[in-house]
Amino acid sequence: MVGYVLSMPATPAWPPRSLPRLYVATPLGAGTKVELDATQANYLGNVMRLKVGSRLLLFDGMSGEWLATVSELGKRRMTLTVGQPTRPQESVPDLWLAFAPVKKGRVDWLVEKAVELGVARLLPVVTQRTVVDKLNLDRMRAHIIEAAEQCGRTALADIDEAIRLDSFLKARDPARTLYFADENGGEPAATAFRPGPAVILVGPEGGFTDDEAVTIRKASNAVSISLGPRILRAETAALAAVASWMSAGGDWR
């Protein structure tokens, strides 16, 4: 006699991950009314085609993710009513990324991908060979929000004003391990990282000067790391180092 196993259809996840997901600055809680600005209302109403009764996911960067419903809709306005929580606030790995700014477009991509990988803080650091000395932080914050909306984060990464390398080294807390992406070699990234608060420092195109490299290596609690035998672009090196840290000491384990 042949036995048959009846497979039951999987219970669909609720709320579905396909729902639109939006960051709002309003603190969220059950029953909260959220008035969207004109840009957000236009996007959800005219691009996403949401109507009264449509559902979406919200997060405020502090209290996790919530299910909400469109309760009022006007030509350039939309009101949302918050329902139940869907996910708790994430525990963010204590990793900062200090990077020499690169050209527009590439730095936007770097910020976006660093947020997706889980970085808690972004610190632009100006070095002697940095060719970009002005950053549009408002644009970069917009990329941080968009990346968090897309990848499911419930916390927003912080971003600091650009700081010169010497000032960065003087101001840093030596209890936070400084992992220096050293073009002249160091411990392989696959084995270099250890648990605890960390900051990864990556240089510009052309690398750090010899004097800068010597100063960084002398910094308290600094660890030189190698990212392999190939020459990496600055943004590639930054993300490779972040991915290695997340695998060894972050939330990829």
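Contact, as used on this tour, means heavy atoms within 4.5 Å. The model is predicted: local features need pLDDT of at least 70, side-chain atom pairs count only at pLDDT 80 or more, and totals for chains, interfaces and linings use all residues. Residues are numbered from 1 along each chain as its sequence is written, and side-chain values use heavy atoms, with hydrogens and water left out.

**Stop 1: arginine 176**

Select arginine 176, in the loop between helix H4 (165–171) and strand S10. Helices (H or I, at least four residues) and strands (E, at least two) are DSSP runs, numbered from the N terminus. Leaving aside residues up to four places away in sequence, arginine 176 touches Asp94, Trp96, Pro197, Ala198, Val199 and Asn221. Its relative accessibility is 12%, so arginine 176 counts as buried. Buried means under 20% relative accessible area, exposed over 50%, and partly exposed in between (1.4 Å probe, protein chains only).

**Stop 2: the open sheet**

Next, show strands S1 to S5. They form an open sheet of 5 strands in the order S1-S3-S4-S5-S2, with mixed pairing. S1 and S2 are the edge strands, each pairing on one side only. Two strands pair if DSSP finds at least two bridges between them. On average, neighbouring strands of this sheet are turned by 40° against each other, direction ignored. Axes here are lines fitted to C-alpha atoms, for helices over the stretch in contact, and angles run from 0 to 180 degrees between N-to-C directions.

Now pick out S4 and S5, which pair in the antiparallel sense over 7 bridges. Glutamate 65 stands opposite arginine 87 in S5.

**Stop 3: salt bridges**

Glutamate 65 is in strand S4 (residues 65–73) and arginine 21 in strand S1 (residues 21–23), so the pair ties together parts that are 44 residues apart in sequence. Both glutamate 65 and arginine 21 are buried. A salt bridge is a side-chain nitrogen of Lys or Arg within 4 Å of a carboxyl oxygen of Asp or Glu. By this rule there are 16 salt bridges.

Move to arginine 77 and glutamate 35, whose side chains meet in a salt bridge (4.0 Å, N to O). Arginine 77 lies in the loop between S4 and strand S5 (78–87) and glutamate 35 in strand S2 (residues 33–35), so this pair ties together parts that are 42 residues apart in sequence. Arginine 77 counts as partly exposed, at 35% relative accessibility.

For a network of salt bridges, select Arg106, Glu205, Arg233 and Glu235.

**Stop 4: helix H2**

Select lysine 113 and glutamate 116, a salt bridge with its closest N and O atoms 3.3 Å apart. These residues are 3 apart in helix H2 (residues 106–117), and are therefore separated by about one helical turn. Lysine 113 is partly exposed at 22% relative accessibility, and glutamate 116 is partly exposed at 32%.

Which residues of H2 are buried? They are Val107, Asp108, Leu110, Val111, Ala114, Val115 and Leu117. What covers them includes strand S6 (95–99), strand S7 (121–126), H3 and helix H7 (234–249).

**Stop 5: helix H3**

Helix H3 (residues 137–151) lies across S1 and strand S3 (55–59), running at about 145° to S1. H3 has 15 residues and reaches 21 Å from its first C-alpha to its last, close to the 21 Å expected at 1.5 Å a residue. That expected span is 1.5 Å times one less than the number of residues. Color Leu137, Met140, His143, Ile144, Ala147, Ala148 and Glu149, which are buried in H3. The buried residues of H3 pack against S1, S3, S6, H2, S7 and strand S8 (158–159).

**Stop 6: the nonpolar cores**

A nonpolar core is a set of buried Ala, Val, Leu, Ile, Met, Phe, Trp, Tyr and Cys residues joined through side-chain atoms within 4.5 Å. The largest has 39 residues, and Leu95, Leu97, Leu122, Tyr179, Ile200, Val242 and Trp245 touch the most other members. H7 gives the most to this core, with 8 residues.

Finish on tryptophan 245. Not counting residues up to four places away in sequence, its contacts include Pro93, Leu95, Tyr179, Phe193 and Ile200. A second, separate core of 16 residues includes Leu22, Leu36, Trp66 and Met78.
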